[in-house]
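Biologist: I am new to this structure and would like to learn how to read its features. Please take them one at a time.

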Amino acid sequence: MGKRIIPNSNALKIRLSQESKPVTFVIGSAISRKHNDAGIPDVGEITLFISEHLKKQGLYDDYNEFIAEQNLKDDYKSGFEFISSVFGQDYINETIRRFVLSNVDPITNLHKIPKAVSDFTTYIKYEKCKVANIVTTNFDTLIEESFEQKHSLKPQSYSLVSDSHIPCTQNDELKIVHIHGVWNKNDTMHTHSQLSVKRDKIEGSLHELFLDTLVVILAYGAWDDSFTRSLSNIVNHPNADYNIAWCFYSDKLDRIEEDFEEWFEKLAPAISRGRINFYKGVDCTTFFESETHMDSPKKKVTQSKDEISSQSFNFTYFDKRMDFVSVRLKEVNKAKLLLDQFKYIFIESGLGYGLSDFIYAVSLIMGMGESRLLKVDLSEVISKKQLETKIKVDAGADISQIIYFYTQNSHENVIFHFYNISSDIDLDTLAYLRSIPSYLSVINPNAKFFFSSNSFIRSFRDIHVKLDVLSFHEVSLILKNRFEERNFTHEHLQSFHNLSEGIVRKLERIIYYLEDASAQDVIDKKDIFKGVSYFEVISSKTERQIENLKSSPDHEMTYLLIKILSVLKNGESFKNIRKTKIGSEIDLDDIKTIVDMGIAKTIVIDDDTSITKMNPIIKDYIISSMSQDEIDNISNDYLGITIIEMKDGLKINSTNRKVLEMGYSTEGDNGGYLLVNNIYECKRKILSAESKDQHDDELNKRRFTKLSQLSIGYIYALRNSSMYNEVISSAQFLLEAFGDTLPPQYYKYHLHIASSFRMLGKYADAQYHLDKCITLCPENDKSTIALCYVQQLYIYEMTEKEKAIELAKKRKKEFRKNSNAYIVSDQMISLQKERSERIVYLERLAKKARKLKFHTTANNILLDVNREKTGVKKMESLEEVLSHETSPYNQCRASINKYQIIVDNGQFEKIKEDDIRILKNVYNYLFNQRLDKLFKQCHEILWRVAEEKRINEVIYLIYHKGQIIWILNDDSEFFNKYENLFDAFLIH
């Protein structure tokens, strides 16, 4: 090939000034590249950001493996290809939006225009040539912004991602066409997969542009996309009338020949026809500079700068309530990590959950506990204009003034809290809200931003921290720290948790009374929350929404759902809500409405089950406006759904059982609460009917008897399910509800309470209730007497072994030889035997118990004797227990012992994913039930497994839960041990 002649940029300037046809500029990213702090990060910066981000996420090795496997070359497109496969398109869109919004001026709230873009739009404005179209691959809108800011022009702008024609305009209006999408309109295209998709319609429209205009290609990388495919097609049309000017940044011919060799071959037909010309040394950042209209009017610019002082800002300060900073440690740690990375987070927090205390706890751990706060209530904000107005009203100044002040005073700590964000705020406003931290994050690292709402806001999902109600353990920890000198019993703590429902706002009231009263006095106080205005945390907007639902016929079912869930205070599944006549017409849209309002939440129990639960403060608010008849009718209808009567007894419905097992309930399940409601209703009717209608009186008394039977059956079902805390709280609620009209066998409640306290290791409490049962039990109830005897043996076994042996010897012969009481007596008497003799004896005794179908007793004996065994025999007996046991408690004991053997032998390869799932379930059960001794053992096993297999999320989970238990038990040894282990884990 002969020498190629490529003229320089001056030749292009002359051609453009002489061109009679309209011009289409095809422009790439170089024109909007950041220069002098104005513009968008270029391809190199974005590629570097992707690499650093993947390294932080621990995904860089996976990325390199992906690149090698797919044989990809271009770092920019390859990086986005990998991000798309791992995080999805929404993540890419959010990343691009951050890059674009980083260019917004914090004072003016306008995009900063690079000089190259400004010169380009000025060139077009003053018609140095007639420009019809600007086709760009850029995702930013700086060209549009420049036209609008500099020249008060608003050209037609189109974002084309899906395949479509470029729209036609009238009166020769200038069109700007983004063929890879725009940051604020829809998806943007960056990956090999996206850019290589054939788009016939848009390529057809580009084909027409080639025929109708002079196409000037400037600052364009010639990627394989719709434009280059259109170009390749048109040059192969022998009679097509097109004109193309292709510009190179380099002015070195050899460099151009080397880099562009492939394209020179593709464009050979156009070169031979003279339909394409090339130009060298065309720098888009300076090309239009000397061509701008020199005679354009000069404006005298005078700058005035207001002195901005923080004195006008409406600062608030933390209440510094140390009572509440020792809980939610997992959430605090997550918030800190997100703030370290992004400088801002979103908190989803229900009404009364203690949001301000949580933010204070996070600020403390970051060394910002003394910071001033600027708080903005966004409950009524929908649009950007409303947002800016609300910031000015609540914070005392425009956001631009506030940001300017903190850029000039970057040493000052400040916390911004935008709270009560509405679920119906528009997306543009959310985007603007999210962009605010970027103005300060680099210049002032001491500024932190907290966004919060009662409901989940999808746009914040990547920086999301969710607060739940306080658990029993957290309430116990708060009270222990607040009243160090007092020893609250388990029953006291359970009652305080039940009363507060895990709501900080209610717990405050309990603490208020505990300052001057005994625990029991506070528990016994009726209407403890009466006259306390904790409804004030409900926004006026939420109140209006509730009233609108209440008064609107179109929302009758939604408001009915609110009332149903206010009575079913621990939540219910959609399926169960619809099972009764009263709730049969409720729709999923009704659930969606109240969740979006932020007054209820959905809790996913497992793949098949989720429940909807009202916020406790909203629940109280609704209940306060309901009639007693409404509450009674709902309680009546749903009792049969929650507690199901069977031929051989009763069972708890599967949803309720799952709620109990997962530890989501705060005060027993709905079963106990509905029974209590029904008992009170029935007692009221008996009192009102006694002097009026004998028939009604008889019906009500029969119903009372039926409720008595259901209640004891329900407690028995809970006990059989190893739900010991729930047995205690529900039994006490039911006894209180029965009051003076106790059912015939009410003494059995004390037996179940005693048994549950024993399982929890609370032997003094167990003995107290066992003594009550023994005192109240009639002599002819032989089966209960036998059960009391067995419970006494078990209590003595753990507290005074000699008494267990003595009692067993004394009373053994009172029971039949094939009875459970007789077998347990022999087990206790064996405590005086030598080790080897006792093992043989207990193994025979376990076989006898198994033969008589006393499986739980058999398993208790095997687990007892297993402590004396070693090696293979120990594992065999554990497998026997696991194959026969249905009790969750003994399943947990056997599982822990099994995995202890495996871990002690260093056989970590035997522990598979399903074993880790089992261990986590055991751990959570023990945590929820406060079975502290087994919990401690399980914690050590799970930690060693997670450490060995490097399962970070398990380490985080059990560290925070464990620390709560160690503090509650004053276990400084374990607290310090795992604090040190966790610190070492963070370092590595």
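Biologist: Which helix gives the largest share of the lining of the largest cavity?

Modeller: Rolling a probe the size of a water molecule over the atoms shows where empty space is left. A cavity is a set of points, on a 1 Å grid over the protein atoms alone, where a 1.4 Å probe fits but cannot get out, and lining residues have an atom within 4 Å of a point. Here the largest share, 3 residues, comes from helix 15 (residues 355-365). Helices (H or I, at least four residues) and strands (E, at least two) are DSSP runs, numbered from the N terminus. The lining consists of F324, V327, R328, Y353, G354, D357, F358, A361, L470 and V504.

Biologist: What should I know about the model and the numbering?

Modeller: This is a predicted model, with residues numbered from 1 along each chain as its sequence is written. Local features need pLDDT of at least 70 and side-chain atom pairs count only at pLDDT 80 or more, totals for chains, interfaces and linings use all residues, and side-chain values use heavy atoms, with hydrogens and water left out.

Biologist: How many residues of each class are in the lining of the largest cavity?

Modeller: Ala, Val, Leu, Ile, Met, Phe, Trp, Tyr, Cys and Pro count as nonpolar, Asp, Glu, Lys and Arg as charged, and the others, Gly among them, as polar. By that rule the lining of the largest cavity has 7 nonpolar, 1 polar and 2 charged residues. About 50 Å³ of space lies in this cavity, where a volume is the space filled by probe spheres set on the points, and grid points are joined across faces, edges and corners.

Biologist: Which residues of helix 2 are buried?

Modeller: An α-helix has 3.6 residues a turn, so residues three or four places apart point the same way. Buried means under 20% relative accessible area, exposed over 50%, partly exposed in between (1.4 Å probe, protein chains only). In helix 2, the buried residues are I46, T47, I50, S51, H53 and L54. Down the helix axis these buried residues fall within an arc of 165 degrees (taken from the directions from the axis to the C-beta atoms), so they line one face of helix 2. The face turned away from the buried side carries the exposed residues L48 and K56. After helix 2 comes G58, whose phi is positive, near 70 degrees.

Biologist: Why is helix 6 described as largely enclosed?

Modeller: Of the 11 residues of helix 6 (residues 115-125), 9 are buried, so the helix is largely enclosed by the rest of the structure. The buried residues of helix 6 pack against helix 1 (9-18), strand 1 (23-27), strand 2 (131-136) and helix 7 (142-151). Helix 6 is followed by E127, with a positive phi near 55 degrees.

Biologist: Is S476 buried or exposed?

Modeller: S476, found in helix 19 (residues 472-482), counts as buried because its relative accessibility is 2%. Contact means heavy atoms within 4.5 Å. Leaving aside neighbours within four places in sequence, S476 is in contact with L493 and L968.

Conventions:
On a 1 Å grid over the protein atoms alone, a cavity is a set of points where a 1.4 Å probe fits but cannot get out, and a pocket is an open set with protein on both sides within 12 Å along at least five of seven lines; lining residues have an atom within 4 Å of a point.
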